Amino acid sequence: MDKSEKEKMITGELFNVYDPELIAERGVARQQVETLNALGEQNPEKSQQLVKQLFGATGAQVEVHATFRCDYGYNI
């Protein structure tokens, strides 16, 4: 079975950045990052919630501050 472009990316292989699945996932992540960065220091609880949503899971003491950038939110 052939690997998906996402599987190739995660395992460090060459992949097609224009794969529809990856384009969609980047779009979602970039919206979340934009919202996170717009919050700045105004709402730490909401910022923490967005970070957990973006990363999927975090430790208890993770802090991410504006200006943050990432492509997908996972594999960080």
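Q: How many aromatic pairs does the count come to, and what makes two rings a pair?
A: In this predicted model, the count comes to two aromatic pairs.

Q: What makes the charged end of Lys6 count as sitting over the ring of Tyr74?
A: The charged end of Lys6 is 4.7 Å from the centre of the Tyr74 ring. The rule asks for NZ of Lys within 6 Å of the ring centre and within 35 degrees of the ring normal. The value of 4.7 Å falls within the 6 Å limit, and Lys6 is counted as sitting over the ring.

Q: What pattern does the protein follow along the sequence?
A: The pattern is α-α-α, with three helices and zero strands in the protein.

Q: Which residues in α2 and α3 meet, and how do they divide by class?
A: On the α2 side they are Ala29, Gln32, Val33, Thr35, Leu36 and Leu39. In α3 they are Lys46, Ser47, Leu50, Val51, Gln53 and Leu54. By class, this contact of α2 with α3 has seven nonpolar, four polar and one charged residues. Lys counts as charged, so Lys46 belongs to that class.

Q: What kind of peptide bond joins Ala66 and Thr67, and where is Thr67 placed?
A: The bond joining Ala66 and Thr67 is cis, with omega about 5 degrees. Thr67 lies in the segment after α3.

Notes: Residues numbered from 1 in each chain as written. Predicted model: local features only at pLDDT ≥ 70, side-chain atom pairs only at ≥ 80, totals over all residues. Heavy atoms only, no water. Contact = heavy atoms within 4.5 Å. Helix = DSSP H or I, 4+ residues; strand = E, 2+ residues; numbered from the N terminus. Phe/Tyr/Trp six-rings, centres within 6.5 Å; stacked < 30°, edge-to-face > 60°.
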